[in-house]
Amino acid sequence: MSRTRLHALPSRDAGEAFQGCEGREGSESVDFAQLLPEYGGNFCAREEVATLPKMNILLITTDQHKATTLAAYGDPLGATPALDRFGAEGTVFTRCRTQNPFCQPARATILTGRYPSTHGVIRNGIDLPDDAAAESVATRFKQAGFATALFGKAHFASYFPDYPTGRVESVVDSAKVTPDWYGPYFGFEHVELVADVHNIRLAPQVGRWNWGFGPPPFGLHYARHLFRDGPARGVERLRLMQPEAAGRTWDATQTWKNQLPEEDHHTRWTADCAIAWLSRVDRPFFAWVSFADPHHPFDPPRPWCDRYTPADMRQVLPPHSPDELAGKPPFHAAWSRGFRGTEMEWANPGWSLFSEEERLTILAAYYGMIAQIDHEVGRILALLESRGLSSNTLVIFTADHGDYMGDHGMMLKGPIHYEALVRVPLLVRGPSFAPGTRVDDPVGTIDVAPTALRACGLPIPATVEGRPLGEGPREYVLTEDDILRGILAFRTLTTRRWRITRNERDPDAGELYDLREDPGELVNRWTDPALASVRSDLLATLDDVMRHDLGRTLPLVCQAR
């Protein structure tokens, strides 16, 4: 079935140049800590400008964020008061799914409104080509005269390719990016980016720090921020980030209390840069604020590393019995054990191998990262309010994908489409999204781009495969996964009641869950004779709506990430 047909079926699923948030010549700082006392902080902002009369779009995303850590999705811990208020002021989509459970494909889909099998970034390690800028939603807004900007993590290209690619996000190639470069990048006329700020110790033999943090010329805008006052202070900041500075060592938990001051942390920096630009922009805008956390490692700075204790996590620690995996595909049990003791341990250290205390410690740090992000989201929303922009800005909050975080004895991400991983938060506030509304239709992050275009009265190109949120009922949402195309690949269809996953290499193997009777996805009903007709109907629908080829074949430039 063609994507055009799928899209057509109604029942289915800165103004002027700105040099960044650092204090550069010509900037005039404003103390927004006094203007917004509830949130405070280092805004690096500039003078107030007139409010904007037309609709604006603010997209805020997080990375590897389990939906059930928000109160809107049932969390009891109160880690997200700003997002809780925001959700109450808008619409909560309770069944949003990512179109791919890995970063690069998911982000390319948010950017283009197209499935990974169409835009070609079907797994991590495949870069979105430069000519895909024409497909970017930011390009559509830029062509319509909007100011466009991106802050934080883009991940449209691989950080550590097998060989240099010349892409600005490649850490080695970032050394060729001049200090005065702030875009354009995939339709964003202004960008302030992190390279790889996941402080994972991939190759300790070449240093105990991630080169995405610098020193310059390596790294991008955030690296220059860390080294803004000279090499000595920059190196000290690199040291403070490491587990050894907290009296720990790098271990399988990837969890410690980051000793870097909060004002230097990339979560604060991302918000500061966005606030500075939003305080300056003087025409309708499309801005994407992309936080890189709560992706592992789990290393929030103070005060967030102390926000929760391991004991606080007992009420959210997922129960798990190894017997649960007995009726599941065999690789589920293997995934729960992870890659402990191998060079890929960083990607999956194996939740089932941790003690209960280790699991609780990881969860406490994960929630601390989420609480820190929530605080920064609150600062950004307060800035909109102070400028009188809340009423004419459509604000969308979502994530690229989730995290198992203990569900089914697993952690992080992988090619297993449990709810914890593929379900993502989606909160929308603005005109046509009624406050206090909850929508249970299955929708996807693929719908973000057309929703933004429709809200601003811009045409939605026929190549866009998502649909504007709120446009008719939805029956299902599709998730693709080609982690190893031809070897390990899956397609998942989720409806209000059912989740079916087909193994593309072995179509006779798969998973079927009754989400109404079994919301925890504990019992695989794939071989249940009583559900034979249900399985057959769902597979027929899946076969009808999925793409069976690739719209664009792109090279794999990075084996590991």
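Which residue takes a positive phi in the hairpin of strand 9 and strand 10? In this predicted model, local features require pLDDT of at least 70 and side-chain atom pairs count only at pLDDT 80 or more, whereas totals for chains, interfaces and linings use all residues. Residues are numbered from 1 along each chain as its sequence is written, and side-chain values use heavy atoms, with hydrogens and water left out.

The residue in question is Gly-486, with a phi near 90 degrees, in a hairpin that has three residues between the strands. Strand 9 (residues 477–484) pairs with strand 10 in the antiparallel sense over six bridges; two strands are taken to pair if DSSP finds at least two bridges between them. Within this pairing, Thr-479 has Thr-492 of strand 10 as its bridge partner. Strand 10 is also antiparallel to strand 11 (residues 498–503), to which five bridges join it. Here Leu-493 stands opposite Ile-500 of strand 11, and the two strands form a hairpin with three residues between them. Strand 10 (residues 488–494) is largely enclosed by the rest of the structure, because six of its seven residues are buried (under 20% relative accessible area, with a 1.4 Å probe and protein chains only).

The chain as a whole contains 14 helices and 12 strands, defined as DSSP runs (H or I, at least four residues, for helices; E, at least two, for strands) numbered from the N terminus. Of its 561 residues, 62% are buried. The C-alpha trace spans about 70 × 55 × 45 Å along its principal axes.

The largest pocket has a volume of about 740 Å³. A pocket is an open set of points on a 1 Å grid over the protein atoms alone, where a 1.4 Å probe fits, with protein on both sides within 12 Å along at least five of seven lines; lining residues have an atom within 4 Å of a point. The volume is the space filled by probe spheres set on the points, which are joined across faces, edges and corners. Of the 34 lining residues, Lys-66, Thr-68, Asp-407, Pro-519 and Gly-520 lie nearest the centre of the pocket. Strand 2 (91–97), helix 11 (356–386) and helix 12 (419–422) each supply at least two lining residues, and the largest share, three residues, comes from strand 2.

Definitions and conventions
Buried means under 20% relative accessible area, exposed over 50%, partly exposed in between (1.4 Å probe, protein chains only).
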